[in-house]
Amino acid sequence: MFGDIRETKECQLRDPMDLFHSGQVVKICAPMVRYSKLAFRTLVRKYNCDLCYTPMIVAADFVRSAKARDSEFTTNKGDHPLIVQFAAKEAQVLCDAARVVCPFADGIDLNCGCPQRWAISEGYGACLINKPELVKDMVRHVWNQIDNPKFSVSIKIRIHEDLKRTVDLCQKAEAAGVSWITVHGRSIEERHQPVHYDAIKIIKQSMSIPIVANGDIKTLKDAENVHHLTEADGIMVARGLLANPAMFAGYEETPFQCIQDWVDIALEHGTPFTCFHHHLMYMMERITSKQEKRVFNALSSTSAVLDYLNDHYGV
């Protein structure tokens, strides 16, 4: 199921559902605050990532403020298929945000999984799994107001302690026309506990739309195992891709060519130093000694980082 790099990426597929109908497991870069921005999406797409999400964007701020739109959402011609993830709690606000990005993206995703306290206290994220009627209403509203039939509307959720409630939520979302559902196999309270892949399998067996599995997938082997355990149609990865952006291309650790590609892409996109440096820290975690990490992590300018990479790795 996990085939070689497919030529379809060169065709800029604009209907994400084509990926789910391809017969391959869809390999997905998760929405990550600060990290899954355009430069990083450009990098992972070079290494067999099929579908990328933006970091979560608060829909109300995005609709209200041109400054928020400029800082939160950047894309380009090669950045497809692209899903923009929104935090929202009102159907019309989500629709308004979807209409803004519709000409530039291939779909939106409603965040129903973020467990952070600030999100839940604002009525966003994982608290929405307890409001299935609201989720259903938001999905339906977007479908009714977006003209493009190829534009996808998905949701990303966590699971309930009582899995019947999660299945009910998913079935309501499916009835409203949701394109696919990404399931992070933990409850709101769970952080580092083992992922309930069995729960994702039960959800998959209860639905007729694609289901994407998410949680603790660090390598391509993990992705293959989770696919077999859950029968999911797609695999979404966060920290595994931060540590090794070439993971989906079968590399067990970040190859030096990938580090070189990141330097080139980040400089081309004008990536701020902190973001540029942090990505390199993640990528080099497995391939540097403690002493090297101490030196590298303390560097404080782009030129110092470039000199270090050149002197030590010929990058």
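A residue counts as buried when its relative accessible area is under 20%, as exposed when that area is over 50%, and as partly exposed in between. In this predicted model, Ser22 has a relative accessibility of 36% and therefore counts as partly exposed. Ser22 is placed in the loop between α1 (16-20) and β1 (26-29), where a polar atom of its side chain lies 3.2 Å from the backbone nitrogen of Gln24. Between the C-alpha atoms of Ser22 and Asp261, which are 239 residues apart along the chain, the separation is 28 Å.

The protein chain as a whole contains 15 helices and nine strands. Its radius of gyration is close to the value that the globule rule gives for 315 residues, so the chain is as compact as a globular protein of that length. Further values for the chain are tabulated here.

| Property of the protein chain | Value |
|---|---|
| Radius of gyration | 19 Å |
| Box filled by the C-alpha atoms, along the principal axes | roughly 60 × 45 × 40 Å |

Among contacts with a separation of 6 or more, 68% come from residues 24 or more positions apart.

Helix α10 (residues 220-230) has Leu220, Ala223, Val226, His227 and Thr230 as buried residues. These cover an arc of only 120° around the axis, which puts them on the same side of α10. Their cover includes α9 (197-206), β8 (211-214) and β9 (234-237), whereas Lys221 and His228, on the other side of α10, are exposed. Glu231, which follows α10, has a positive phi, near 65°.

Key: Residues are numbered from 1 along each chain as its sequence is written. This is a predicted model: local features need pLDDT of at least 70, side-chain atom pairs count only at pLDDT 80 or more; totals for chains, interfaces and linings use all residues. Side-chain values use heavy atoms; hydrogens and water are left out. Buried means under 20% relative accessible area, exposed over 50%, partly exposed in between (1.4 Å probe, protein chains only). Helices (H or I, at least four residues) and strands (E, at least two) are DSSP runs, numbered from the N terminus. The arc is that of the directions from the helix axis to the C-beta atoms. Contact means heavy atoms within 4.5 Å. A polar contact is a pair of N or O atoms within 3.5 Å; within protein, one must be able to donate a hydrogen and the other to accept it, and residues adjacent in sequence count only if both atoms are side-chain atoms. The radius of gyration is taken over C-alpha atoms; the globule rule is 2.2 Å times the number of residues to the power 0.38.
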